[in-house]
Amino acid sequence: MKITDHIKKANGQTLFSFEIVPPVKGKSIQELYKNIDPLMEFKPPFIDVTTSREEYIYKEKDGLLDKKLTRTRPGTLGICASLKHKYNVDTVPHVLCGGFTKEETEYLLVDCQYLEIENVMALRGDARKEEKYFTPTKGGHQYATELVKQIQDINEGNYLHDTIEASDLSSFCIGVAGYPEKHMEAPSLQSDLKRLKEKVDLGADYVVTQMFFDNQKFFAFVEAARAMGINVPIIPGIKPIAVKNHLQLLPQVFRVDIPQDLIDAVEACKTNQDVRKVGVEWAIQQSRELREYGVPVLHYYSMGKSDNVEAIAKELF
Ligand code: FAD
């Protein structure tokens with residue numbers, strides 16, 4: 001079922017969902033199941049599966065370093081198919097501009113249709129680790145807007161090199177990213193919101209936000225988006241802080257601010273377990289307030305271990 005239909009069906013009740021990251025190449029999927037199993041009792045209507053950018057690795061060969069481009073966490077679509085059938089849940093593969101040609105994206109979407117995956121998250125992807133700025137892959141897209149358009153074209157039977165008048169065309173429900181504290185490259189929040197509006201005008205059906213720790217920023221973002229005519233559901237993304245160095249890492253990687261109260265509470269922790277507890281408590285408070293505000297879904301970034309997301313869900317769902 002489409003995410004937008006799940007939201008309609010919930011009739012104002014806030015749903016629970018989460019995002020997972022594929023394991024590194026060579027690891028068994030069983031570890032992933034072990035983390036997901038305890039979360040299924042909270043009945044997520046959908047689970048997102050991220051896609052990672054390719055990266056350079058260096059191998060010694062004849063005394064020289066050989067540089068090879070590889071993906072350490074492939075398997076997004078396989079995991080989506082596997083979770084969908086194991087748990088009877090909708091899965092949302094993240095589809096990236098970076099690292100893929102338009103043809104590869106088309107084939108990926110054809111596979112999604114055969115697997116009866118009805119939702120996709122359309123993202124540009126970050127710059128590769130060694131790049132300062134995002135560079136589009138040769139034959140690929142530069143911005144998520146172009147990817148949204150390609151998906152929407154396919155929904156209308158307009159493939160890259162052929163037009164198909166099929167009776168069962170795909171009708172992908174398209175999610176896109178939004179940034180309550182603006183995307184790191186955007187010159188202003190207003191200009192970033194204009195770009196978000198372009199994605200929605202081209203066919204995006206819902207928005208999932210970057211993590212944030214101060215709900216006021218989310219509320220202001222939603223209001224500014226509505227004022228601009230962005231009327232699709234906006235789903236907040238929530239990340240419980242899990243280790244002390246998140247205080248440096250999350251602002252650096254995601255350009256988000258951390259409120260002083262949360263910083264003080266984390267810094268006062270003596271053990272990792274204490275930090276996880278503080279992260280869970282903060283996320284519970286954030287989630288309660290967001291639910292009262294009427295968000296359609298509370299979407300958690302579970303990354304690896306899911307015990308903290310489980311503790312949050314136990315309090316709320
Ligand atoms: P875009 O919407 O293309 O925007 C990128 C930047 O370009 C913004 O600053 C925007 O303002 C600007 N812009 C847009 N259009 C134009 C234009 N025409 N001219 C000039 N500027 C323009 N990354 C991954 O690698 N894998 C994932 O699985 C993944 N999942 C994510 C899930 C969520 C919910 C979120 C919020 C992010 C996720 N990301 C993921 C990170 C995302 O790929 C990065 O934040 C990336 O840098 C931007 O992606 P985007 O889709 O927002 O890009």
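This is a predicted model: local features need pLDDT of at least 70, side-chain atom pairs count only at pLDDT 80 or more; totals for chains, interfaces and linings use all residues.
View 1. A polar side-chain atom of arginine 195 lies 3.3 Å from a nitrogen atom of the ligand. Taken alone, the ligand exposes 970 Å², of which the protein buries 87%. The backbone also takes part: a backbone N or O atom of threonine 51 is placed 2.7 Å from a ligand nitrogen atom, and a backbone N or O atom of glycine 125 is placed 2.9 Å from a ligand oxygen atom.

**View 2. The shell of residues around the ligand.** The shell comprises 23 residues, of which Thr51, Asp126, Tyr179, Asp192 and Lys199 come nearest to the ligand. By class, ten residues of this shell are nonpolar, seven are polar and six are charged. At least two shell residues are supplied by each of strand 5 (90–96), strand 6 (119–123), helix 6 and strand 8.

View 3. Helix 6, formed by residues 189–201, lies across strand 7 and strand 8. Its direction is at about 180° to that of strand 7. Strand 7 (residues 173–178) pairs with strand 8 (residues 206–211) in the parallel sense, over four bridges. Within this pairing, alanine 177 has valine 208 of strand 8 as its bridge partner.

View 4. The eight strands follow the order 1-2-5-6-7-8-9-10 and close into a barrel with parallel pairing. On average, neighbouring strands of this sheet are turned by 30° against each other, direction ignored.

Definitions and conventions
Residues are numbered from 1 along each chain as its sequence is written. Side-chain values use heavy atoms; hydrogens and water are left out. Two strands pair if DSSP finds at least two bridges between them. Axes are lines fitted to C-alpha atoms, for helices over the stretch in contact, and angles run from 0 to 180 degrees between N-to-C directions. Contact means heavy atoms within 4.5 Å. A residue is near a molecule or strand if one of its heavy atoms lies within 4 Å of it. A polar contact is a pair of N or O atoms within 3.5 Å; within protein, one must be able to donate a hydrogen and the other to accept it, and residues adjacent in sequence count only if both atoms are side-chain atoms. Accessible areas come from the Shrake-Rupley method with a 1.4 Å probe; for residues, only the protein chains shown count as cover. Ala, Val, Leu, Ile, Met, Phe, Trp, Tyr, Cys and Pro count as nonpolar, Asp, Glu, Lys and Arg as charged, and the others, Gly among them, as polar.
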